[in-house]
Amino acid sequence: MDRIDTGRAGVVEFRGVPLVEGADHTTGAYLHLSGLSRESDSMLLRAFLLVPGFPAVEAGSGQEHPGYLADGAVYLSPSGPGDAPPGLPAAPDQGDYDMRLNVARRLGALAPPGPTVDVALTLRDPTGSPVDTSGFQIGRLEITRR
Amino acid sequence: MASTAVVSRENIETWADDSPKLRLFRRAVEEMQKLSQIAVMDSRGYQWVAGVHGGFGNGAFCQHGTAHFLTWHRAYLLDMELKLRARIAEIADVETANEWRLPYWDWTVPNATLPKAFTDETYDDGGTQRPNPLFSQPYQLSQQIFLRPGVLLNPQTPTWRGPVVPGTYAGLGDLVEDALDEVQFGTFSDAVENPHNQVHVRTGGHMVTFRSSFDPIFWVHHANIDFQFWQWQQRQGGIGTFPQAVLDFECQPFQFADIRASAFLDTRTLGYTYTTVRSPVLDREAMPEVEEQTELTIRTGPIPDEFSRARINLHNVHHPEGPVVLRFFADRDAPADASTPTTAAERFLVDRAVLGHGPCPGAPGHCDPTPLAITGAGLRAPHHLAPFDIGITVTRSFRAALGPGPGHTVSMIALDEDGGQMPLSALRFDNATVTVT
C-alpha cells in the first residue's frame with residue numbers, strides 16, 4: 001500500500017489498499033484504519049474510492065461525489081502513560097488507535113474489481129477546514145467484505 | 001456495587017422542562033460543582049469526575065480505539081451516576097435518589113439535535129431563573145486544552161459547543177443499526193465507536209477534545225452509547241462472547257470492589273436497565289396451529305410514537321433442512337404472499353434467509369440434537385443443530401411502514417430459494433416477538 005500526499009489541502013490517497021473477501025462480520029463491508037497515531041487531533045474523515053474517470057477528490061468533496069464511501073471521525077485520547085494526581089495510578093498506555101468505517105452502502109454499488117483498490121481520505125477539522133495531512137500517521141488501511 | 005433497586009435509564013426527551021427528575025439532575029450537577037469550588041481535587045466534585053476522562057496531566061484514563069471502549073465508559077458512567085445520586089440523596093432523600101438514574105440522549109433518531117434541557121442558558125427553579133448547569137460547566141484544572149495544533153482553549157473558558165442544527169447528526173442511526181447486527185463483540189465495539197466519534201466532533205467545542213467530559217452533554221451522549229451496548233447485549237452479549245482480555249481489563253481509576261470489566265457487564269447488578277416494549281405473540285402451544293398456515297401475523301402491543309430500535313425476534317429456531325427465506329410486512333390490510341411486491345407501498349419490512357443444514361452426513365443420531373448434546377454438558381461445544389435465536393433489526397422500514405393507531409401487526413411468510421411460497425412448517429420455532437426500545 002502506497003501513501004500519496006496529493007498536495008491538495010486535506011486530501012491523502014492510498015494506492016493498493018487490500019480488499020479482503022469472505023469476512024465474518026454481518027455488515028457488508030468495512031474500511032479498517034489501523035495503527036493510527038494518537039498524536040493526531042480529532043477530525044472529520046470522509047472516504048472515497050478512486051475510480052478512473054471520477055472527478056478528483058478535494059477536501060470539500062461531499063456525499064454526492066460518485067466515489068463517496070463513508071463518513072467518519074477520529075476522536076482521540078492520548079496514548080499515555082500520563083501523570084495523575086496523588087493516589088491515582090498513571091493512565092495506561094493505550095497503544096495505537098484502530099477504527100473502522102462502515103462502507104457497505106456504497107462499496108457494493110461501486111463494485112470494484114480486483115484484490116486491491118485505491119482510496120482517498122479527506123481530513124477536516126470540526127469547522128470543515130482542511131487539516132494538514134502530514135500529521136496523519138496511519139499503519140494500515142484495508143477493506144473487508146463479507 | 002450492589003444497588004437497592006433496578007431502575008430504567010430514560011430518554012432525556014421524555015423529561016419535561018418541569019419534571020422533578022430533570023430538576024434533580026440540574027441541582028445535583030450544581031452541588032457537585034460546588035464541591036469542586038471548595039476543593040478542586042475532591043473526588044465527589046464535578047471537576048474531579050470530569051478530569052478522570054482526560055484532565056489530569058497529559059494522559060487519559062478514557063479508552064478509545066481499543067477493545068475496552070464500551071466497558072470502561074460503562075464503569076465511568078456508573079461512577080458519575082452514583083455521585084449524582086449521592087448529591088440527590090442530600091437534596092431530596094435516599095428513596096428519591098434510589099429511583100434516579102442518568103438519562104440518555106438518543107441522537108440516532110431522525111433530525112436529532114441537542115436536547116433542550118442542555119441548550120437553554122437558564123432554567124426556572126420554582127419561579128427563579130437560574131443558570132442552567134447542563135448548558136455549560138467551568139473547566140478549572142490547570143492543564144491546557146488544545147482544540148487543534150496552535151489553537152488553545154483558555155483553560156478557564158467554560159465549556160461551549162459548536163453550532164448544532166437539524167441534520168448535524170444525520171446518518172448516524174443507520175450506522176448504529178448496522179452495528180447492532182454484528183455478532184462479534186470487537187466488531188460491534190469498533191462499528192459503534194465511529195458514530196460515537198462523529199457526535200463528539202460534530203458537536204464541537206470541548207466535545208472535540210478528550211476534556212469532553214467537562215461538558216454535561218457528554219454524560220447523556222455516553223449513556224446513549226451504553227444504551228446501544230445494552231441493546232447489543234440483549235441479543236449477543238452472553239459472557240462467552242467477550243474476549244478474555246476484555247473481561248479481565250481493570251477499569252482504572254474507579255474505586256469499586258471489583259474493577260475488572262466483567263463486573264460491569266450485567267447492568268442489573270449495577271442498579272439500572274433500559275426500557276423495552278416487548279410484544280409476545282405466540283407460545284409453544286400455539287405453534288402446531290401456526291405451522292399449517294402460510295402467513296403468520298404478529299400483533300404488537302402499543303408502540304410509542306418515538307422509538308430508537310425495532311427488532312423482530314424468532315426464538316429457539318430449529319435448523320431447517322433446506323434454505324428458507326422469511327419475508328416480513330407490517331400493518332397490511334390484505335394477506336401477503338409470494339407475489340406481494342417488496343416495496344414500501346406494500347409495507348415491506350425485510351427479508352432474512354435461513355440456511356438449511358442439508359442431509360445428514362453421519363450415522364443415525366449424528367444430527368439428532370438430544371438435550372445433552374444441545375448444551376454440550378458444559379464440556380464441549382453445543383450440538384451443531386442446537387436451536388438458535390434470530391434477531392432482525394427493522395427500525396427504518398418499521399417506522400416507514402407503520403399505520404396509524406397504537407397497535408400494529410407484523411406478518412411473515414416463508415419462501416423457498418426460488419421464491420415459491422412454503423408453509424410455515426418449513427421453519428420451526430418456539431416463539432416470535434417484536435421488540436421496540
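**Note on B:Asp178 and chain B**

1. B:Asp178 touches A:Thr27, A:Asn102, A:Arg105 and B:Arg396, leaving aside residues up to four places away in sequence, where contact means heavy atoms within 4.5 Å. This is a predicted model, in which local features need pLDDT of at least 70, side-chain atom pairs count only at pLDDT 80 or more, and totals for chains, interfaces and linings use all residues. Residues are numbered from 1 along each chain as its sequence is written, chains are lettered from A in the order in which they are written, and side-chain values use heavy atoms, with hydrogens and water left out.

2. With A:Asn102, the side chain of B:Asp178 makes a polar contact of 2.8 Å (a pair of N or O atoms within 3.5 Å; within protein, one must be able to donate a hydrogen and the other to accept it, and residues adjacent in sequence count only if both atoms are side-chain atoms).

3. B:Asp178 has a relative accessible area of 15% and is therefore buried, a term that means under 20% relative accessible area, using a 1.4 Å probe and protein chains only. In chain B as a whole, 56% of the 437 residues count as buried.

4. The largest nonpolar core has 85 residues, and those with the most contacts inside it include B:Phe25 and B:Leu84; such a core is a set of buried Ala, Val, Leu, Ile, Met, Phe, Trp, Tyr and Cys residues joined through side-chain atoms within 4.5 Å. A second, separate core of 31 residues includes B:Ile312 and B:Leu427. B:Leu84 touches, among others, B:Phe25, B:Met32 and B:Trp100.

Methods
Buried means under 20% relative accessible area, exposed over 50%, partly exposed in between (1.4 Å probe, protein chains only).
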